[in-house]
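Student: I have a new structure to look at. Can you walk me through it?

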Amino acid sequence: MNQLAYTFGIIGNVISLMVYFAPMPTFCQIYQRKSTEGFQSIPYVTSLFSSLFWIYYAVIKTNSTMLITINSTGCLIQITYICLYIFYATRDTMMQMLTMVVLPNTIVFILIIVLTQLLMKGGERTDAVGWICMFFSLLVYVSPLCIVRKVIRTKSVKYMPFLPSLSLTISAAVWFLYGILQNDCSIVIPSMFGSIFGILQLMLYFMYKNAKENGDEGREEIIAIEDDRDG
């Protein structure tokens, strides 16, 4: 690994750590209200399994210490988030999450490890796992967009926090440069799309953030007029 790639790897680790900690205000809110409300679990579950696959990829490929360190940390953080989410979710939400998201992903992860170890060797195995990592990384970048329909419908960004969107976009851009320097398409391709999706998400945030504020001001004016009439 050359010095420039190593530098971007360090920067990528630091920013990715910020990405993992970015949802903390959301979970503080969940803890305070004792409810998951309208927040989605999909981004955290997909992030967990993406990290697991990247660790597997880094283990079977050389010179991938940067991937191992950040994704190991990410696994621990995402597991904590998921446990908190399950604890405060309603029974129906919890069962839906476990049966439709967690269980299938776990089965797929185990099957992929077993099949790639038994049926593939050397570079073929690394390439196959690399493609799988690309797929899950794309899911991580796309998963926050699952709330987009709700944002557009309600014209509110309440359930699409700004900090995770911003940090994820910056992280994608840095890992894109790292992937180019390492000549690793498994990192370059998902990071490129992650940057694009992140920018679109930020644009959506600012668009409906202003709409929400204008809506709030309008409601406040109506309430004030009604109060004057009552008086």
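Predicted model: local features only at pLDDT ≥ 70, side-chain atom pairs only at ≥ 80, totals over all residues.

Student: Okay, the core. How many residues has the largest nonpolar core?

Tutor: It has 36 residues. A nonpolar core here is a set of buried Ala, Val, Leu, Ile, Met, Phe, Trp, Tyr and Cys residues joined through side-chain atoms within 4.5 Å. Buried means under 20% relative accessible area, exposed means over 50%, and partly exposed is in between, using a 1.4 Å probe and protein chains only. Phe 53, Leu 67 and Trp 175 have the most contacts inside this core.

Student: Which elements give two or more residues to this core?

Tutor: They are H2, H3, H4, H5, helix H6 (122–142) and H8. The largest share, ten residues, comes from H3. As for the labels, helices (H or I, at least four residues) and strands (E, at least two) are DSSP runs, numbered from the N terminus.

Student: What is Phe 53 in contact with?

Tutor: Leaving aside neighbours within four places in sequence, Phe 53 is in contact with Phe 109, Ile 112, Val 129, Ile 132, Cys 133 and Phe 136. Contact means heavy atoms within 4.5 Å.

Student: And what does the second, separate core include?

Tutor: That core has eight residues, including Val 148, Val 151, Leu 204 and Tyr 205.

Student: Let's go to H2. Which of its residues are buried?

Tutor: Thr 26, Phe 27 and Ile 30 are the buried residues of H2. Down the axis of H2, they fall within an arc of 90°, so they line one face of the helix. The arc is that of the directions from the helix axis to the C-beta atoms.

Student: What covers them?

Tutor: The cover includes H3 and helix H4 (65–88).

Student: What follows H2?

Tutor: Lys 34 does, with a positive phi near 55°. Lys 34 lies in the loop between helix H2 (24–33) and H3. Lys 34 is partly exposed, at 47% relative accessible area.

Student: Is Asn 183 buried or exposed?

Tutor: Asn 183 is exposed, with a relative accessible area of 68%.

Student: New topic. How many salt bridges does a search of the whole structure find?

Tutor: The search finds one. Asp 184 forms a salt bridge with Lys 61, and the closest N and O atoms are 2.5 Å apart. The term means a side-chain nitrogen of Lys or Arg within 4 Å of a carboxyl oxygen of Asp or Glu.

Student: Where in the chain are the two partners?

Tutor: Asp 184 is in the loop between H8 and H9, and Lys 61 is in the loop between H3 and H4. The pair links distant parts of the chain, 123 residues apart. Asp 184 counts as buried, at 6% relative accessibility, whereas Lys 61 counts as partly exposed, at 27%.

Student: What else is in contact with Lys 61?

Tutor: Thr 126 is. Thr 126 lies in helix H6 and is buried, with a relative accessible area of 15%. Beyond its neighbours within four places in sequence, Thr 126 is in contact with Tyr 57, Ile 60 and Lys 61.

Student: What about Gly 12, buried or exposed?

Tutor: Gly 12 counts as buried, at 0% relative accessibility. Gly 12 sits in helix H1 (residues 3–21). Setting aside neighbours within four places in sequence, Gly 12 is in contact with Val 174 and Trp 175.

Student: Last one. Which residues form the nonpolar patch on the surface?

Tutor: Leu 103, Ile 107, Ile 110, Leu 111, Val 114, Leu 115, Leu 118 and Leu 119 form it, with about 790 Å² of accessible area together. Patches are made of residues with over 30% relative accessible area and no salt bridge: like charges are joined within 9 Å, nonpolar side chains (Val, Leu, Ile, Met, Phe, Trp, Tyr) within 5 Å. Accessible areas come from the Shrake-Rupley method with a 1.4 Å probe, and for residues only the protein chains shown count as cover. Leu 103 is in helix H5 (residues 91–119).

Technical notes. Residues numbered from 1 in each chain as written. Heavy atoms only, no water.
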